[in-house]
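The stops below run from the whole chain down to single residues.

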Amino acid sequence: MIAIPLAGLLIGGLLLNASRLRGRAAALTELDAPGDASAGDRAFRSLVAEGVVLDEESRQAAAAYAHRQDHDIVDLLPRDLPISAARDLVRRISRPDADGPGNGVGAGSALLVVPGVLERANVTEPDAISTPDLINLARRLKHYARDRSALAVAPALRAAPDDLARRRSRLRAGGTIVPIDLTLALVPFALLVVEAFLSWPLALACLAVYCLQPYLIFAGTALRPRGLHLAALARPLYEVYVWMRTATGRWMSETDRRDAALRTDARPYYDAELAKGVERFLKPRCETCPWCGASDLSVVLRGQDLIYHKPGTFTLERCGSCGHIFQNPRLTSAGLDFYYRDFYDGIGAAGAESVFMTSSHEYLGRARMLKPFATPKRWLDVGSGHAHFCATAREVWPDTVFDGLDQGAEIEEAARRGWIEHAHRGMFPDLADGIQGMYDVVSMHHYLEHTRAPFVELDAAVKILPLGGYLLIELPDPEWRLGRLFGKYWVPWFQPQHQHMMPIGNLKEALTDRGLALVAEERASAHQRNDFVTAAYLWFAGLAPDRTLPWLAERRRVRHVGRGLIWTVGVPTVLVGLLLDHTVGAFVARRSGTGNAYRLLARKGDGAHG
């Protein structure tokens with residue numbers, strides 16, 4: 001009988017999720033009355049959303065708290081947040097008391113910020129700002145405060161009235177993918193309806209837990225959400241109402257309008273480029289392997305841009321002699337410009353940053369790999385982007401000076417944030433002569449596979465390292481046994497950006513040939529648990545791409561309805577993929593001693609040429 005296990009699944013899921021969210025709500029700090037404490041000589045600026053009044057008691061309490069904890073930003077949370085905003089808050093914060101870059105996204109009510117952060121971020125105090133725009137601004141400013149920001153509940157602060165017409169924009173500001181969020185909200189409701197058809201007594205038990213869940217999340221915490229009783233006792237009707245208002249919400253914040261303008265302004269460029277055809281972005285096919293020179297080549301796969309769906313088909317070939325896999329034919333310089341455009345900057349900047357912000361576990365693993373061998377003084381991270389690795393690696397190496405190198409403007413932004421001490425902008429081989437001998441550690445994390453000439457990049461690393469210096473490299477592992485299972489949907493193929501996929505034996509030999517002594521390697525411990533979940537996500541995203549992207553034809557009438565229907569099936573599938581990554585994928589990695597990535601650490605010896 002399916003009714004009993006379904007009821008068990010629903011009740012267990014509701015209770016488990018309530019426990020998880022309650023843990024987050026309970027971890028929030030509640031401000032004390034300021035008493036005799038002062039903010040010392042630190043001045044603070046107040047940024048307050050429309051409809052919120054920051055009382056003097058809350059401002060002083062926040063300033064005193066910031067002074068005691070040495071924080072540059074305090075993101076204030078009203079105790080009486082509307083229930084929809086309170087639930088959205090605890091869903092998106094993972095560790096409200098955590099250190100590190102961007103330690104939580106608040107509710108967009110009020111911020112206390114030291115002037116220096118505003119100056120580094122080049123932000124002027126706005127006269128009026130909406131809740132979604134303040135959430136976006138808070139996320140940006142926290143990048144400039146490094147680990148000196150906090151979320152805190154201000155009991156006397158009163159929240160703005162709830163406006164569900166703006167919830168869609170508020171979710172986007174918090175980094176939520178709205179179609180996925182809407183689908184997730186339907187899952188327990190849909191299971192409850194199914195249970196009612198199977199067994200009404202069990203359905204009543206499930207309904208009781210469903211209605212009790214909001215109380216389980218917030219009771220006894222610093223938050224006292226406004227509308228809690230309505231959202232709990234009339235939850236089935238309330239959830240449908242919130243869902244409909246969110247799904248039909250078309251209100252746009254200033255941030256939304258800027259994003260829409262970016263897309264509109266970019267469309268003429270893409271229309272003109274696509275009218276000329278994308279075939280011109282590919283060079284003639286190579287007849288020999290760029291790694292060993294052999295001519296025994298075979299096709300591994302043909303794929304497309306599965307992230308942003310820019311048109312074009314790309315081929316990866318394998319060398320039968322050495323196993324090297326490479327893009328063939330490869331992109332021209334103009335092709336690289338076209339496919340990289342709006343990926344890490346412009347239209348894609350926010351999405352790329354959101355991905356990088358979720359990888360702290362991998363960043364810490366890379367930093368710790370050096371622990372048994374050396375204490376780095378100056379560390380250069382090549383291909384650093386916004387330098388998320390460097391910002392996180394400070395937890396392991398607080399006394400190390402981290403610098404970053406990249407071609408894009410984001411590396412200079414990283415320096416302004418304080419995540420690195422110095423930004424080197426340009427091509428690594430071109431800059432090598434000017435930074436020779438400055439660093440005792442050079443790292444290349446998921447960088448080498450993007451480059452045109454990996455040997456040239458390795459030579460540059462050897463050149464700048466002093467004797468005894470270390471080179472740390474992390475790459476996707478093309479020999480990972482589950483990679484073939486997903487075909488073109490295995491995310492490390494990452495076409496068209498990944499131009500070279502190097503088996504670990506090839507890279508070891510290349511390092512040894514350059515006089516570097518291998519001191520450590522990690523395979524299973526470098527595995528990233530994302531194979532199943534990203535394959536599922538990419539497949540469904542291909543069925544329902546974002547038609548507002550300027551290189552895709554718009555289909556306004558079916559955009560929202562079609563994407564919603566597809567993600568109704570897609571979200572549960574993605575969740576199953578996440579479960580498989582943490583069970584099947586992790587098990588295979590442990591048993592095989594390999595994974596979808598590997599790390600090598602090598603030391604420069606007397607025989608190095610460079």
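**Before you start**

This is a predicted model: local features need pLDDT of at least 70, side-chain atom pairs count only at pLDDT 80 or more, and totals for chains, interfaces and linings use all residues. Numbering runs from 1 along each chain as its sequence is written, and side-chain values use heavy atoms, with hydrogens and water left out.

**Stop 1: the whole chain**

Now look at the overall dimensions. The C-alpha atoms fill a box of roughly 70 × 65 × 50 Å, taken along the principal axes.

Switch to a surface. The accessible area of the protein chain is about 26,500 Å², and 56% of it belongs to carbon and sulfur atoms. Areas come from the Shrake-Rupley method with a 1.4 Å probe; for residues, only the protein chains shown count as cover. Of the 610 residues, 53% count as buried. Buried means under 20% relative accessible area, exposed over 50%, and partly exposed in between (1.4 Å probe, protein chains only).

A contact means heavy atoms within 4.5 Å.

**Stop 2**

Two strands pair if DSSP finds at least two bridges between them.

Zoom in on strand 6 and strand 7 (residues 314-319). Six bridges join this antiparallel pair. Pick arginine 302 next: its bridge partner in strand 7 is threonine 315.

**Stop 2: two cis peptide bonds**

Move to asparagine 328 and proline 329. The peptide bond joining them is cis, with omega about 5 degrees. Proline 329 sits in the loop between strand 8 (325-327) and helix 12 (333-340).

Jump to glutamine 495 and proline 496. The bond from glutamine 495 to proline 496 is also cis, and omega is near 10 degrees. Proline 496 lies in the loop between strand 13 (470-476) and strand 14.

**Stop 3: two positive phi values**

Select aspartate 70, in the loop between helix 2 (56-69) and strand 3 (73-78). Its phi is near 60 degrees, a positive value in a residue other than glycine. Is aspartate 70 buried or partly exposed? It counts as partly exposed, because its relative accessibility is 37%.

Then take alanine 387, in the loop between strand 9 (378-382) and helix 15 (388-393). Alanine 387 has a positive phi of about 70 degrees, although it is not a glycine. With a relative accessible area of 0%, alanine 387 is buried.

**Stop 4: glutamate 353**

Select glutamate 353 in helix 13 (residues 349-356). It counts as buried because its relative accessibility is 13%. Which residues does glutamate 353 touch, not counting those up to four places away in sequence? Show His143, His386, His388, Arg417 and Trp419.

**Stop 6**

Go to tyrosine 270 in helix 11 (residues 254-275). Tyrosine 270 is buried, at 0% relative accessible area. Leaving aside neighbours within four places in sequence, its contacts are Lys310, Phe338, Arg341, Asp342, Pro550 and Trp551. Draw a line from tyrosine 270 to cysteine 292: they are 22 residues apart in sequence and 37 Å apart in space, C-alpha to C-alpha.

Finish at tyrosine 210 in helix 8 (residues 200-218). Tyrosine 210 is buried, at 1% relative accessible area. Not counting residues up to four places away in sequence, tyrosine 210 touches Leu14, Pro188, Phe189, Leu192, Arg235, Pro236 and Glu239. Its C-alpha atom is separated by 41 Å from that of arginine 484, 274 residues apart along the chain.

Methods
Helix = DSSP H or I, 4+ residues; strand = E, 2+ residues; numbered from the N terminus.
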